[in-house]
Structure formats: C-alpha cells, structure tokens
Amino acid sequence: MRITGLGRLSVLPDSVIILILGFLDAIDLLSISSASRTLFAFSRHEQVWKNLFLKKSGGYLALWEGSWRKTFLRVLGHRTEGGCDKDNVWEWPCDMISVEGLYSDVLFQPFLCANTSIYSYFFPQPSQSRSTIPRHSALSLNEQSFLTLYASKSRPVIITHAMSHWPCFAAGTWKLENLVSRFRNVTFRVEAFECPISVYSSYAKDCTTEDCPLYLFDAKFVEKTGGTMGHEYAPLEFLGPDLFEGLGSDRPDYRWLIVGPSRSGSTFHKDPNGSAAWNAVVQGRKGWVLFHPDVCPPGVYVNSDESEVTAPLSLAEWFLGYFESSWKIYGPDGRDPSKRGRMMVGICEAGEIVYVPSGWWHLVINLEDSVAVTQNFVSMTELSGTLKFMMDKPDQLSGFSSIEKGVVHAKFLETLRVTKPDLSDWLHDCPGRPPDTRSSLWDSLNQDRSQDVSREFSFGFDLQDDESESSENL
C-alpha cells in the first residue's frame with residue numbers, strides 16, 4: 001500500500017515525506033491528500049497543520065476545533081456560499097476515510113505518545129508512589145532551618161502545608177473555570193501562541209489526541225490581570241529574599257502562571273541565570289523528575305557550555321525511551337554508588353510547593369489538569385553562582401528585557417553595593433571573581449558574629465529541632 005500510494009515518493013523515509021509536506025500551503029496539502037489513501041494519512045499529520053496554523057495565524061489562537069487541521073480550516077480556510085466548490089476546503093477528504101494496511105512508525109508515534117499513561121511511571125502500583133524527593137511541612141520550617149536542611153545542601157524538597165493562607169488556593173479563585181469566569185478575554189502566552197484563557201480552557205478540555213499538549217506559561221499574568229493575581233499568593237518568607245528585586249524595573253522575568261491539561265509540561269531544563277525556583281500547585285497534581293547538576297539526563301544532549309540543549313520532542317517520548325533505564329542507574333537502588341540517588345522523582349499535590357535548587361535538571365509533567373504558579377529567585381545561597389554565571393555566560397542570560405546582557409553583571413554588582421551594604425566588603429574583595437562555593441560567602445558573612453549584621457543575611461537565629469518529614473506519605 002505504501003509503494004502504490006506514494007509512487008516515487010515511496011523511496012523516501014517517512015520522516016522526509018512529512019518534512020516535504022511541511023513546505024506546502026493548505027490548498028496544496030488538501031489537494032495531495034485526495035491523491036491516495038496513503039497520502040491522505042500523511043497529509044493529516046497534526047504537526048504539519050500546527051506549524052502551518054502558527055505561520056498563517058500570526059501566533060494567535062482564537063478558537064479550537066479539536067485538531068490543528070480542523071482549527072486551520074475553520075479559522076483560515078476559504079468557504080463559498082452555496083453548494084460544493086473545488087475551493088471550499090470543507091468539502092475535501094473527511095474523517096470518515098479509513099486507511100488500512102499502512103504501517104508507519106512516524107505516523108504511529110504521536111498516537112502512541114498521546115495514549116501513553118504517564119501516571120503509571122509515578123504510581124507503578126495503585127497504592128504505591130515512586131517518590132524520593134523529601135517532604136517537609138512549612139509549619140516546622142524557618143529561614144535558618146530551611147537553609148541548613150535544604151538550600152545550603154542543594155537538596156530539593158516538597159513543602160507541605162504551605163498554601164492554606166493563599167486566597168488563590170483557599171478560595172479556589174485560580175481553578176481554571178474560575179479564571180475563565182474572571183478573565184475570559186484576557187490573552188495569555190501559550191508556548192508559541194497568544195490565546196484568550198477562555199479559548200485555552202476549550203483546548204485543554206479537547207486535546208486528547210495531542211501528543212504534546214500546549215502549556216500556558218505566562219510571565220506577565222499579574223500585569224495582564226491589573227495586579228489582581230499578584231495579591232492572591234505570597235512567596236514563602238523562609239526561602240529568603242530575591243536579590244534581583246533590587247534591580248527594580250530592570251529585574252528579569254521571575255514569576256509565571258502555569259496552566260495545562262494532563263500530559264502537558266516542560267521538558268528538561270535548568271532554571272535561568274543560576275537561580276533557584278519554587279513551584280506551587282494550586283489545582284491538580286504534578287510529577288517531577290530531577291537530576292543532580294553533575295548528571296545530564298539520559299536522552300538530553302548539551303554542548304560544552306550548556307547553551308544548546310537537545311531533547312526528545314515530547315515528554316511522553318522521554319518516559320517511553322529513557323525513564324525506566326534511568327531509574328535503574330540513577331535511582332535509589334542503582335548499582336554504582338557514584339550514580340545512585342542522582343535521579344529524584346516526586347509527586348506534588350495541590351497545596352504543595354516544590355523547591356528546586358540552582359543547577360538541577362528537571363522535567364515537570366501534569367498528571368491531572370493543573371494550575372500552578374512558580375517563581376525564580378536568587379537568595380544569598382545562589383548569589384555566588386549567579387554572579388559567576390553572569391560573568392562567564394552573559395550570552396545565556398534570559399529575562400532581562402530592559403538592559404543589555406553585557407552590562408547585567410556590573411549593574412547587579414552596583415545594585416548590591418547600594419541595597420545590601422552588609423555585602424560591601426565581600427563585593428569589594430571579589431568584584432569580578434565571585435567565589436565558587438556557597439560556604440565561602442557564608443563564612444565571610446559569619447566569620448565575626450560580634451559584628452552588627454542584618455538578620456536578613458546573617459541567618460543567626462537558632463535552628464529549631466523540627467525533623468524533616470521525609471517519610472510523609474502522599
């Protein structure tokens with residue numbers, strides 16, 4: 001069937017055929033789909049239509065019809081009044097055409113990814129979760145204990161009992177249906193698209209055939225909602241202040257609203273600018289996979305300075321191809337002691353917050369339809385690494401929209417000297433060569449406890465005897 005249906009194109013790999021079809025416009029794509037059942041199957045490849053829609057729509061998603069092909073035809077297709085017409089794209093080959101006897105891994109892969117249960121990777125048994133990220137109640141954490149137990153050790157943690165006082169969680173104002181009711185026509189960033197949240201809600205409810213569901217990830221959500229959403233949550237004080245805040249209007253992007261259906265999420269990455277991050281689940285449930293900074297996740301390829309990252313196209317592809325083998329090598333039962341425990345897995349429930357130390361590779365996937373908020377920050381713990389990152393990799397800085405990357409390092413140093421005078425001696429000694437370890441900075445700040453050092457940076461109050469709740473069950 002493949003040879004007769006493709007003709008001379010049959011000598012080409014399926015992936016190349018899809019690539020060629022990607023150069024066609026909509027009318028030609030529809031025309032070739034009527035040439036044979038095989039070409040009909042290839043010409044309906046959703047990624048081809050998604051790319052075509054993105055190009056022709058200018059990146060604005062005004063409505064959703066259940067597939068990218070249908071959405072393109074509905075929004076951008078030409079329709080004539082009256083009967084059937086050769087230019088009426090609604091009269092071209094339809095969903096009722098079946099293609100039997102055609103076997104293609106390229107065409108099957110999106111279907112496989114869309115129907116793969118990611119949930120089972122985190123819950124291999126219904127009552128048994130695969131979770132190695134420690135859990136700790138916010139009720140027994142303060143600035144000093146958090147620093148000692150987690151931040152200074154570069155140790156991820158899921159923080160429980162942390163959001164009961166947040167209006168967005170306690171009152172349910174950020175549940176997707178409520179966001180739609182409150183901000184129906186507000187346009188948010190959804191990967192490469194801009195999209196009203198009402199349209200995105202429709203998409204999220206009807207994207208079961210998508211192998212890579214779109215992920216709403218917007219850095220300007222507070223500004224777009226007139227500041228309202230910024231008053232409905234509050235960063236945990238014990239995480240420490242964000243030193244980037246001193247930059248004022250030059251502060252890089254630091255907070256994002258995150259909304260997505262199950263199976264949507266973010267592929268492996270490290271947080272920008274040497275920052276740490278926290279991610280709070282307001283609705284739903286998220287699965288996390290983290291790798292220690294010195295372990296590049298299997299299946300992910302980076303160049304020498306990590307400026308370019310290549311990873312599987314979809315989250316499902318990574319789980320299908322790499323999760324189990326990675327868990328055997330880097331999980332808690334890995335044979336090699338030097339690799340054992342370098343991979344951590346966890347489930348973050350609604351009302352919980354994940355803390356991600358600077359430099360950790362992490363993948364996040366929604367196990368349920370979810371709404372979350374996340375912030376990146378640079379506290380005293382991350383300061384050395386961030387200054388070094390600014391100095392060594394200025395081309396990789398991100399989120400600084402109002403100042404040139406080449407002057408960010410100097411601008412930040414200047415800001416710290418003005419806003420944080422307690423650091424003046426350390427900054428004077430190391431204006432362009434920040435120390436490579438966290439301990440050197442903390443040692444310099446605490447070497448003379450008789451000095452009148454601001455509590456914000458000395459962390460000198462007593463550590464409570466609260467124990468980590470690492471054994472807490474989900």
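View 1. Asp14 counts as buried, because its relative accessibility is 10% and the cut-off for buried is under 20%. This close-up, like the others here, comes from a predicted model. The side chain of Asp14 meets that of Arg2 in a salt bridge, at 2.6 Å from N to O. The two residues are twelve apart and link distant parts of the chain, with Arg2 in helix α1 (residues 2–6) and Asp14 in helix α2 (residues 14–21). Arg2, for its part, is partly exposed at 22% relative accessibility.

View 2. Lys411 belongs to helix α16, while Asp250 sits in the loop between α13 (221–224) and β6 (255–260), so the pair ties together parts that are 161 residues apart in sequence. Lys411 is partly exposed, with a relative accessible area of 30%, whereas Asp250 is buried at 12%.

View 3. Take a look at Asp392 and Lys388, whose side chains form a salt bridge of 3.0 Å, N to O. Both residues are in α15, four residues apart, or about one turn of the helix. Asp392 is partly exposed, with a relative accessible area of 43%, and Lys388 is also partly exposed, with 32%.

**View 4. Helix α15 packed against helix α16.** The axes of α15 (residues 380–392) and α16 (residues 408–419) lie 8 Å apart, and the helices pack at an angle of about 145°. On the α15 side, Leu383, Thr386, Leu387, Met390 and Met391 make the contact; α16 contributes Val408, His409, Phe412, Leu413 and Leu416. Of these contact residues, eight are nonpolar, two are polar and none is charged.

**View 5. Strand β8 and its two partners.** All eight of the eight residues in β8 (residues 276–283) are buried, so this strand is largely enclosed by the rest of the structure. Strand β15 (residues 370–377) runs antiparallel to β8 and is joined to it by seven bridges. Strand β13 (residues 353–356) also pairs with β8 in the antiparallel sense, over four bridges. Asn279 makes a handy landmark: it stands opposite Thr374 in β15 and opposite Val354 in β13.

**View 6. A network of salt bridges.** Four residues are linked in this network: Arg189, Glu194, Asp218 and Lys224. For context, a search of the whole structure finds 16 salt bridges.

Notes
Residues numbered from 1 in each chain as written. Predicted model: local features only at pLDDT ≥ 70, side-chain atom pairs only at ≥ 80, totals over all residues. Heavy atoms only, no water. Buried < 20%, exposed > 50% of the residue type's maximum accessible area, 1.4 Å probe, protein only. Pairing = 2+ DSSP bridges. Axes fitted to C-alpha atoms, helices over the stretch in contact; angles between N-to-C directions. Contact = heavy atoms within 4.5 Å. Nonpolar A, V, L, I, M, F, W, Y, C, P; charged D, E, K, R; others polar.
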